[in-house]
Amino acid sequence: MVVLGDAELLAQRGAPPAATIEHVPLAAPSVAGNRRKGRELALQALYQIEMTGDASGAAVDLFLGHFEGGPKAKEFARRLVSGVVSQRAEIDRLIERCTENWKLRRLAKVDLVILRIATYELVFCPDIPLHVSLDEAIEIGKRYGPDDSATFINGVLTHVAQSSGVKDR
């Protein structure tokens, strides 16, 4: 088997040599892209906290230092992690009230962490539109959670928003 490099593969497809291709710098990530990455980093950091019990700022900084993400994504992740950790008792009460016949300890850990992040956003972050928090949680659930995560997360968060009186902003 012959493995071709990028230049050979492009030449085979009729592309001009690299020297004649104009290089355009990549655009900076959008606010939405930074926030999605921040949510994913927060999910991973909060999952680590769930497993280790270490919610110290040093542990979060060490964790974020080992993963890719721009400064804005990491800043947003820190905001979410700090908020979820500081408001965890209230967040867990809301989630438990809105998950009929489910104890938090029985939920998939990934689903629980996604629910905590999104509940924090819904209740404590008036600068984030309700539909954005819901959509992002559902999409992240599809990517990281079990097969039925998206549907479960959608149902619970809709109930959290309604019971908390959160309106789309």
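Trainee: Okay, which residues line the largest cavity?

Mentor: Keep in mind that this is a predicted model. The lining of the largest cavity is made up of Arg-39, Leu-43, Ile-114, Ile-117, Ala-118, Glu-121, Ser-133, Glu-136, Ala-137 and Ile-140.

Trainee: Which helices supply at least two residues of that lining?

Mentor: Helix 2 (31-52), helix 6 (109-124) and helix 7 (130-144) each do.

Trainee: And how do the lining residues divide into nonpolar, polar and charged?

Mentor: Six are nonpolar, one is polar and three are charged.

Trainee: What volume does the largest cavity have?

Mentor: About 70 Å³. The count of cavities of 30 Å³ or more comes to one.

Trainee: How does anyone spot empty space like that?

Mentor: You roll a probe the size of a water molecule over the atoms, and that shows where empty space is left.

Trainee: Let's zoom out. How many helices and strands are there in the protein chain?

Mentor: Eight helices and zero strands. Going along the sequence, the pattern reads α-α-α-α-α-α-α-α.

Trainee: What share of the residues is buried?

Mentor: The protein chain has 169 residues, and 36% of them count as buried. Its accessible surface is about 10200 Å², with 55% of that belonging to carbon and sulfur atoms.

Trainee: New topic, aromatics. How many aromatic pairs turn up in the whole structure?

Mentor: A search finds three. One of them is Phe-63 with Phe-67, a tilted pair with 4.5 Å centre to centre and 35° between the planes.

Trainee: Are those two buried or exposed?

Mentor: Phe-63 has 8% relative accessibility, so Phe-63 counts as buried. Phe-67 is at 36%, so Phe-67 counts as partly exposed.

Trainee: Last one: which residue has a positive phi although it is not a glycine?

Mentor: That would be Asn-101, with a phi of about 60°.

Trainee: Where is Asn-101?

Mentor: Asn-101 lies in the loop between helix 5 (88-98) and helix 6.

Trainee: Buried or exposed there?

Mentor: Exposed, because the relative accessibility of Asn-101 is 75% and the cut-off for exposed is over 50%.

Trainee: Great, thanks!

How values were computed
Residues are numbered from 1 along each chain as its sequence is written. This is a predicted model: local features need pLDDT of at least 70, side-chain atom pairs count only at pLDDT 80 or more; totals for chains, interfaces and linings use all residues. Side-chain values use heavy atoms; hydrogens and water are left out. Helices (H or I, at least four residues) and strands (E, at least two) are DSSP runs, numbered from the N terminus. Buried means under 20% relative accessible area, exposed over 50%, partly exposed in between (1.4 Å probe, protein chains only). Accessible areas come from the Shrake-Rupley method with a 1.4 Å probe; for residues, only the protein chains shown count as cover. On a 1 Å grid over the protein atoms alone, a cavity is a set of points where a 1.4 Å probe fits but cannot get out, and a pocket is an open set with protein on both sides within 12 Å along at least five of seven lines; lining residues have an atom within 4 Å of a point. Grid points are joined across faces, edges and corners, and a volume is the space filled by probe spheres set on the points. Ala, Val, Leu, Ile, Met, Phe, Trp, Tyr, Cys and Pro count as nonpolar, Asp, Glu, Lys and Arg as charged, and the others, Gly among them, as polar. Rings of Phe, Tyr and Trp (its six-membered ring) pair if their centres lie within 6.5 Å; planes under 30 degrees apart count as stacked, over 60 as edge-to-face and the rest as tilted.
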